[in-house]
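Take a walk through this model, from the overall fold down to single residues. Keep the sequence and the coordinates open as you read.

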Amino acid sequence: MDKNHSIEVHDLSKRFKLYHEKATSLKEKVVNFRRSVFEEFWALKNIDFYVEQGETVGIVGRNGSGKSTLLKCVAGILRPTSGEVLLRGQISSLLELGAGFQPELSGRDNIYLNASLLGIPVKEVAKRFDDIVAFAELEHFIDNQVKFYSSGMYVRLGFAVAINVQPDILIVDEVLAVGDETFQAKCLDKIREMQRNGTSILFVTHSPDLTKKVCSRAVVLQEGDMVFIGEAKDAIDSYHDIIIEQKLLDAELGRSSSNEEKIISVESVSLKSVNGQTIDKIDSGDSAGITVQYKSEADLDDCVFIVEIQNDSGTIVFSSNTDSLEYYPVIEKGTGNISFTIDALPLTGGIYMANAAIRKRGTSNDYDRFDRACTFKITAPENNLGIIATPVQVKLESLNNTISI
Ligand SMILES: Nc1ncnc2c1ncn2[C@@H]1O[C@H](COP(=O)(O)OP(=O)(O)OP(=O)(O)O)[C@@H](O)[C@H]1O
Ligand SMILES: [Mg+2]
């Protein structure tokens, strides 16, 4: 093992067996006795990377891509089918919600139990006990059985225990998202403090912003394959490419659920370049068009077309409608397109989705709405956080500089 590395993952693969409990006849059951019916499934394939001492590496990927399985292999909870994991130092992990807690025991007993599993002597735990409880903000509840804790309380206790054992390596899976914002901010501060103290961290989150903020590098997993490793910003970029390529964000999910016949409906929504081509990638700040294809069963003159753009946390970052543009379309029975041209989309890099709705003028009733009808990616040159990306100039003026000769 390289002396600068805290974690080395060598050519690691993990296979699960998926058992099929088919409704079989007694005869079949007898025939298949002791011959289990299963399918092999590779959750991880030839994963190879390292984490340097003091480095924070993120793992990103869609649901089911193998992130938690990888963390469990690193934490030693799962045994890899092939390959190996090498670790240098004491490891502490915060995996799935409530993992490692005994529901029947109190918070207090669980702290002692967890610490003892990590090999920390009782005396040492007693010294850190108050800090753990204070960090978790569970002073009033520490003697309650943890089965009565809310999911936020579980995570707070889990995180407090995981960090207060002062590990050399910390492994965190997702769970931070469960705590409220104040607690998340506190955890982030703590993570930063641990980074300064040289702790190596392996970190799974679904938040691209958090990955960019906390991790220097990140691994991208896709169906068990490591498809990218590199700078966090580039990893997020590659992850977004996967989303776009696979078009996995099921647009149909955004369809309003009613089955009733609609007078007019949104058939599709597409992003267009300035020259009218349908695109799914655009540079931040470029102009673009959003075209809504509709199908109408009647002649209508009371339709308001609404388009919205939302980011991947669901925040609407842009919205426009024909009424506010003082454009009152007269719709004839049949299909047609209505196009909105947007001068500039100065948004930070990431995945965005366009929604469209057709509303009956003067009411709050939609004739039809199609959310997340179109997914696209915006590329920004800078590693920006937040919502908008726009050129900035900076200047320093020193006001107390009165020295003159
Ligand atoms: N014990 C198990 N037995 C069988 N299959 C499993 C087991 N654990 C995980 N899997 C499968 O392995 C794949 C990867 O699961 P994993 O939990 O690692 O995904 P993930 O990337 O953490 O997803 P998420 O973002 O939803 O947390 C999934 O298809 C999952 O169903
Ligand atoms: Mg997971």
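What percentage of the 405 residues in the protein do buried residues make up? The figure is 33%. Bear in mind that this is a predicted model. Its secondary structure comes to eight helices and 18 strands. The C-alpha trace spans about 105 × 80 × 45 Å along its principal axes. Now take the contacts in the protein with a separation of 6 or more: 73% of them join residues 24 or more positions apart.

Start at the ligand. Ligand 1 is surrounded by Phe16, Leu18, Ala43, Gly61, Asn63, Gly64, Ser65, Gly66, Lys67, Ser68 and Thr69. By class, that shell has three nonpolar, seven polar and one charged residues. Two elements, strand S1 (5-19) and helix H2 (67-75), each supply at least two residues of the shell. The largest share comes from H2, with three residues.

Stay with H2. How many of its nine residues are buried? The count is eight, and H2 is described as mostly covered. The buried residues are Lys67, Thr69, Leu70, Leu71, Lys72, Cys73, Val74 and Ala75. Lys67 and Thr69 also belong to the shell around ligand 1. After H2 comes glycine 76, with a positive phi near 85°.

Next, a pair of helices. Two packed helices are described by the angle between their axes and the distance between the axes. For helix H3 (residues 107-117) and helix H4 (residues 122-136), the angle is about 130° and the axes are 10 Å apart. The crossing of H3 and H4 is right-handed. Which residues make the contact? H3 brings Ile111, Tyr112 and Ala115, while H4 brings Val122, Val125, Phe129 and Ile132. By class, this contact has seven nonpolar, no polar and no charged residues. An α-helix has 3.6 residues a turn, so residues three or four places apart point the same way.

Now look at the backbone angles. Most residues other than glycine have a negative phi. Asparagine 46 has a positive value, near 50°. Asparagine 46 sits in strand S2 (residues 38-52). Is asparagine 46 buried or partly exposed? Asparagine 46 counts as partly exposed, because it has 14 C-beta neighbours inside 10 Å, and burial needs 20 or more.

Glutamate 137 also has a positive phi, near 55°. Glutamate 137 is found in the loop between H4 and helix H5 (151-164). With 17 C-beta neighbours inside 10 Å, glutamate 137 counts as partly exposed.

Finish with aspartate 323. Where does aspartate 323 lie? Its place is in the loop between strand S15 (316-321) and strand S16 (334-342). Aspartate 323 has 15 other C-beta atoms within 10 Å, so it is partly exposed. Which residues does aspartate 323 contact, leaving aside its neighbours within four places in sequence? They are Val304 and Arg361. Phenylalanine 305 is 18 residues away from aspartate 323 along the chain, and the C-alpha atoms of the two are separated by 7.8 Å.

Terms used
Residues are numbered from 1 along each chain as its sequence is written. Chains are lettered from A and ligands numbered from 1 in the order in which they are written. This is a predicted model: local features need pLDDT of at least 70, side-chain atom pairs count only at pLDDT 80 or more; totals for chains, interfaces and linings use all residues. A residue is near a molecule or strand if its C-beta atom, placed from the backbone, lies within 6 Å of it. Helices (H or I, at least four residues) and strands (E, at least two) are DSSP runs, numbered from the N terminus. Ala, Val, Leu, Ile, Met, Phe, Trp, Tyr, Cys and Pro count as nonpolar, Asp, Glu, Lys and Arg as charged, and the others, Gly among them, as polar. Axes are lines fitted to C-alpha atoms, for helices over the stretch in contact, and angles run from 0 to 180 degrees between N-to-C directions. A crossing is left-handed if the near helix is turned anticlockwise from the far one by less than a right angle, and right-handed if clockwise. Two residues are in contact if their C-beta atoms, placed from the backbone, lie within 7 Å. A residue is buried if 20 or more other C-beta atoms lie within 10 Å of its own, exposed if 12 or fewer, and partly exposed in between; C-beta atoms are placed from the backbone.
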